[in-house]
Amino acid sequence: AKADTVFPVLIDYLISSSTTLDVCRSLVKPLHRLSLLSKESAKCCLDRLAQIHQSLVSSRKVFPDIKSLIFLKLISVLFPASDYVHPVATPAFVLLGKILAECSIRSTS
């Protein structure tokens with residue numbers, strides 16, 4: 001279906017380096033609709049999560065770049081975070097928890 005083709009393209013565009021926050025906000029609703037129609041949306045997001053995890057592991061960086069943070073925020077909007085176990089949201093939250101657990105606190109104020 002067309003939604004299976006358009007969804008990954010919009011995700012890639014959304015997390016491109018030239019994307020502004022206004023563009024991100026304008027794409028959330030269409031992406032949400034496409035995620036409901038597309039069977040490939042979950043696979044696309046899981047692949048992207050794996051890429052983020054792999055880039056953090058290979059670069060030994062503790063904190064992800066802004067594109068990855070935008071994508072993690074997008075996951076919480078596109079997929080139900082209230083499910084006890086969700087095929088996309090759960091791995092995203094586990095990755096986010098891992099990122100937060102490995103970050104050091106620089107200041108308490």
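## Cysteine sulfurs and helix packing

The sulfur atom of cysteine 44 finds its closest cysteine sulfur in cysteine 45, at a distance of 5.2 Å, which is too far for a bond. A disulfide is counted here when a pair of cysteine sulfur atoms lies within 2.5 Å, and the structure holds zero disulfides.

The model is predicted, so local features need pLDDT of at least 70 and side-chain atom pairs count only at pLDDT 80 or more, whereas totals for chains, interfaces and linings use all residues. Residues are numbered from 1 along each chain as its sequence is written, and side-chain values use heavy atoms, with hydrogens and water left out.

Helices (DSSP runs of H or I, at least four residues, numbered from the N terminus, with strands being E runs of at least two) supply the elements discussed below. Their axes are lines fitted to C-alpha atoms over the stretch in contact, with angles from 0 to 180 degrees between N-to-C directions.

Helix α1, residues 2-14, packs with helix α3, residues 41-59, at an angle of about 30°, and the two axes are 9 Å apart. That angle makes α1 roughly parallel to α3, given that angles under 35 degrees count as roughly parallel, over 145 as roughly antiparallel, 65 to 115 as roughly perpendicular and the rest as oblique. The crossing of α1 with α3 is right-handed, where right-handed means that the near helix is turned clockwise from the far one by less than a right angle, and left-handed anticlockwise. Contact, meaning heavy atoms within 4.5 Å, is made by Phe7, Pro8 and Ile11 of α1 and by Ser41, Cys44 and Cys45 of α3. By class, this contact of α1 with α3 has five nonpolar, one polar and no charged residues; Ala, Val, Leu, Ile, Met, Phe, Trp, Tyr, Cys and Pro count as nonpolar, Asp, Glu, Lys and Arg as charged, and the others, Gly among them, as polar.

With α2, the packing angle of α1 is about 155° and the axes are 10 Å apart, which makes α1 roughly antiparallel to α2. Here the crossing is left-handed. On the α1 side the contact uses Ala3, Val6, Phe7, Leu10, Ile11, Tyr13 and Leu14, and these meet Val23, Cys24, Leu27, Leu31, Leu34, Ser35 and Leu37 in α2. The contact of α1 with α2 has 13 nonpolar residues, one polar residue and no charged residues.

### Packing of α3 with α4

The axes of α3 and helix α4, residues 66-78, come within 11 Å and cross at roughly 145°, and α3 passes α4 in a left-handed crossing. Cys45, Arg48, Leu49 and Ile52 of α3 meet Ser68, Phe71, Leu72 and Ile75 of α4. By class, the contact of α3 with α4 has six nonpolar residues, one polar and one charged.

### Individual residues

Relative accessible area, computed with a 1.4 Å probe on protein chains only, sorts residues into buried (under 20%), exposed (over 50%) and partly exposed (in between).

| Residue | Relative accessible area | Class |
|---|---|---|
| Serine 38 | 7% | buried |
| Cysteine 44 | 16% | buried |
| Cysteine 103 | 24% | partly exposed |
| Arginine 33 | 53% | exposed |
| Threonine 5 | 54% | exposed |
| Leucine 37 | 63% | exposed |

Serine 38 sits in the loop between α2 (21-37) and α3, and, when residues up to four places away in sequence are not counted, serine 38 touches Ala3, Asp4 and Phe7.
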